Amino acid sequence: MTDPAGQLRRIAWDEVFPWLIIFRCFRIAISPSLLALATVAVLISPLGWQLSAKLFLSTEALERQLPHSHLVEALPPAIQSWLPSVTENPFFATYLELAEPLARLFRLEFTLSETAFYFCGLLWTMAIWSFPAGVITRRAIVQLATDEPLGIGSAAMFAGSKYASYFLTPFYPLLGLVLLALPIACLGLVVWLLPGIGAALAGVSWLLVIVAGAAAMWLVGGLMLGFPLMWPTISAERDGDPFEAFSRSYAYVYGKPLHYFFYAIVAALFGALSFIVVLLAVVIVREFGFWALSWGTGGPLAEQLRSDVTRFLEVGEFDSTRSALWKTGATLIALLIYVLQSVSSAFRFSYFFCAASAIYLLLRHDVDEKEMDEVFVEPKITTAPDANP
């Protein structure tokens, strides 16, 4: 017996709403191996910035540094009034954390040493996160496209083989900006040496400066919005290289900007809900130990230990009346809790790179009309059976 014509048997929701693929990112992002890798990166990321500050900044210059939300503060006030809740979103907060060093390179009031500080910090950030980003995006791309998990070893080998591409790709647009800026810098040198002649020459050639500025705007806009798509490009394509990552990210940003914006909003909303779950899990793990400890010590003594651990995490010191052994134990507890809390930050990065991978697949489908499962998967090595019994 055949079904009546036109009878609806099943709705393929992933085909009707392909952006539902974003909701699969949480399961990938909370993988223990990915969280462990991202946690290591979170813990060592501040070290390079501290070294860069000691090399290039005086104490006064360090105190003058802008707050971390400079990228948001550069926006018009009407937009800023809407953004505070967005800047606390794990998806957008991670984006801002990665983009902030790049944005600060364009500050006019910074001295040469301050510019060197942020440039070295940017190099360090890219050097640290290129490998975890490669591993996470490679695993997310394969799992989202094929529904088959990729082993951490295979993802790490793939990311290691293409580490140079992951690291160098975001700097290609910066090279273009430098090439555009050099002739204008030479013009500025003439203005400095011969103010009158230099100003006249600048006035005559300023139309070319405006054209160069338009090209720079295109490069900066594509880089600031498109850099999250560069790593998934390398992870998804057979011949993924810096040029392909550069060209695809710019094509998708400028080709389907509204699609990109919609996918980013969905990823941010779902990321906020996911982050609440992770924070709640971290709080339960952290507080359970003190709660169980209070069964043996009593509530006041357990609360005193908890208070000392919290104080050490916040200000780095203990009450002077505490004994040396008490301080040693509290320090060890504080260090372990610090690592535990870093897992929540690690989840932000893990989810960000997973969501960027999903968005890349969606935009590639929208712009290039490629199916979601058209990604490079290394062939499995099979061993031929032995001819001799």
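In this predicted model, helix α10 (residues 152–161) buries A155, F158 and A159. Down the axis of α10, these buried residues fall within an arc of 95°, so they line one face of the helix. An α-helix has 3.6 residues a turn, so residues three or four places apart point the same way. M157 and S161 are exposed on the other side of α10.

**Nonpolar cores**

The largest nonpolar core has 80 residues. Within this core, I22, F91, W129, Y351, F353 and I359 have the most contacts. Helix α17 (residues 324–368) gives the most to the core, with 14 residues. A second, separate core has 7 residues, including F290, L305, F318 and A334. In soluble globular proteins, nonpolar side chains tend to be buried together.

What does F353 touch, leaving aside its neighbours within four places in sequence? The partners are L98, W129, A133, I136, T137 and W231.

**Cysteines**

How many disulfides does the model have? The count is 0. A disulfide is a covalent bond between the sulfur atoms of two cysteines. The cut-off for counting one is 2.5 Å between the sulfurs. For C354, the closest cysteine sulfur is in C25, at 5.7 Å, so this pair is too far apart for a bond. Two cysteines can be set side by side by accessibility.

| Residue | Relative accessible area | Class |
|---|---|---|
| C120 | 30% | C120: partly exposed |
| C354 | 0% | C354: buried |

Definitions and conventions. Residues are numbered from 1 along each chain as its sequence is written. This is a predicted model: local features need pLDDT of at least 70, side-chain atom pairs count only at pLDDT 80 or more; totals for chains, interfaces and linings use all residues. Side-chain values use heavy atoms; hydrogens and water are left out. Buried means under 20% relative accessible area, exposed over 50%, partly exposed in between (1.4 Å probe, protein chains only). A nonpolar core is a set of buried Ala, Val, Leu, Ile, Met, Phe, Trp, Tyr and Cys residues joined through side-chain atoms within 4.5 Å. Helices (H or I, at least four residues) and strands (E, at least two) are DSSP runs, numbered from the N terminus. Contact means heavy atoms within 4.5 Å. The arc is that of the directions from the helix axis to the C-beta atoms.
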